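Open the model in your viewer and keep the selection panel at hand. The stops below say what to select next and what is there.

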Amino acid sequence: MERKLNLDNKIITQDSPCYVIAEIGHNHQGDLEQCRKLFDSAKAAGANAVKLQKRNNKELFTKKMYDSTYASENAYANTYGEHREFLEFSHNQYMELKSYANEIGITFFSTAFDFSSLDFLEKIDLPIYKVASGDINNVPLLKEIAKTGKPMIISTGGAKMIDVERAYNEIMPINNKLCIMQCTSGYPPLFKELNLNVINTYMNKFQDIIIGFSAHDSGIAMGVAGYVLGARIIEKHFTLNRALKGTDHAFSLEPQGLKKLVRDLHRTHEALGNGIKDRYPSEEAPLYKMGKKIVASRKLATGTLIKFNDLKFKSPNDGLPPWRYKEVVGKKTKSEIKEDQNIDIDNLI
């Protein structure tokens, strides 16, 4: 079965270029204008989509956690719940962002962290749903999102294979518009914890869906490696400035980094080619200089029985290729051949 996923009228297959998601999360710092700037920068860098995160914090957290003191240098309020509330956008703000994304031509969607947030996002009518790694085992939420019929992109940080299989088995009978993303829930993780070969594992296990990679490392090379291994959707956290206040900025890509990642992913798509080994027109001139032909190693009189030692293999490549030497050895010359002169099959008997 062909792997295929339609993301806001962009068809993703194994033969397509990489689909790049700029994960803004809460790097907008609760500022609508800052969020628009992030949309602009992601679009300019070549990303296909921008993504936010939506939480109903009072539903998501216990009262104790919501009311807990939050003394972090990244805090926007004194308690964790108030801090989270500061970073949330309203319905009207989401509608403004949806309109702005449409205006500049970039896909906009969000992660639904809870049932209320799912209802909120359904009213906004965004085209895709992301599921965070922390909800890989939240089967009730997975099934409710699946019922929307919209594409689902699920990160699998911290999961075991049994968890990923369970999510797949629960979702697919309801909604087969699914992408499973290899992910490691470190911020950032050690490179040895990225375990990119899990992409191969997913490719073999889930042969009817697109596989992706949510890369929490702070560079761009691992996204390219993920694409080579088969991932066709790459997600990277994105910011305007890694020094800004907030927990995610430090490991996010800045605009220039995202631009380079998109560039390298497109180059990689082209560079992988069709797998058929052939010669390109651009190789003709270099191979004329570097390739070899069969020439006489010495002056050969008419009627000379040619031995291997009578041959040399020299450039330029405008004669009989060396691999045809067996067609020459043991033949006699019809006419004289000078030293360094091309050996011509028509001059042999």
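Two strands count as paired if DSSP finds at least two bridges between them. Helices (H or I, at least four residues) and strands (E, at least two) are DSSP runs, numbered from the N terminus. This is a predicted model, in which local features need pLDDT of at least 70 and side-chain atom pairs count only at pLDDT 80 or more, while totals for chains, interfaces and linings use all residues. Residues are numbered from 1 along each chain as its sequence is written, and side-chain values use heavy atoms, with hydrogens and water left out.

**Stop 1: strand E4**

Select residues 49–54, which form strand E4. Buried here means under 20% relative accessible area, exposed over 50%, and partly exposed in between (1.4 Å probe, protein chains only). Because 6 of the 6 residues of E4 are buried, the strand is largely enclosed by the rest of the structure. Show the side chains: Ala 49, Lys 51 and Gln 53 point one way, Val 50, Leu 52 and Lys 54 the other way.

Strand E3 (residues 19–25) runs parallel to E4 and is joined to it by 4 bridges; Ile 21 has Ala 49 as its bridge partner in E4. Strand E5 (residues 107–112) is also parallel to E4, with 6 bridges, and there Thr 111 is the bridge partner of Gln 53.

**Stop 2: Gln 53**

Stay in E4 and centre on Gln 53. Is Gln 53 buried or exposed? At 11% relative accessibility, Gln 53 is buried. Its side chain makes a polar contact with the side chain of Arg 55 at 2.9 Å. A polar contact is a pair of N or O atoms within 3.5 Å; within protein, one must be able to donate a hydrogen and the other to accept it, and residues adjacent in sequence count only if both atoms are side-chain atoms. Beyond four places in sequence, Gln 53 has contacts (heavy atoms within 4.5 Å) that include Glu 23, His 26, Glu 88 and Tyr 94.

**Stop 3: the nonpolar cores**

A nonpolar core is a set of buried Ala, Val, Leu, Ile, Met, Phe, Trp, Tyr and Cys residues joined through side-chain atoms within 4.5 Å. Select Phe 39, Ile 233 and Leu 258, which touch the most other members of the largest core, a set of 77 residues. H1 gives the most to this core, with 6 residues. Another core, of 10 residues, lies apart from it and has Ala 296, Leu 311, Val 328 and Ile 337 among its members.

Zoom in on Phe 39, whose contacts beyond four places in sequence include Ile 24, Val 50, Leu 97 and Phe 108.

**Stop 4: cysteines**

How many disulfides does the structure hold? There are 0 disulfides, a disulfide being a pair of cysteine sulfur atoms within 2.5 Å. For Cys 18, the nearest cysteine sulfur is that of Cys 179, 9.8 Å away. Cys 18 is buried, with a relative accessible area of 5%, and Cys 35 is buried at 0%.

**Stop 5: Lys 314**

Finish at Lys 314, in strand E12 (residues 311–314). Lys 314 has a relative accessible area of 32%, so it is partly exposed. Its side chain makes a polar contact with that of Asp 340 at 2.7 Å. Lys 314 also touches Gly 291, Lys 292, Lys 293 and Val 295.
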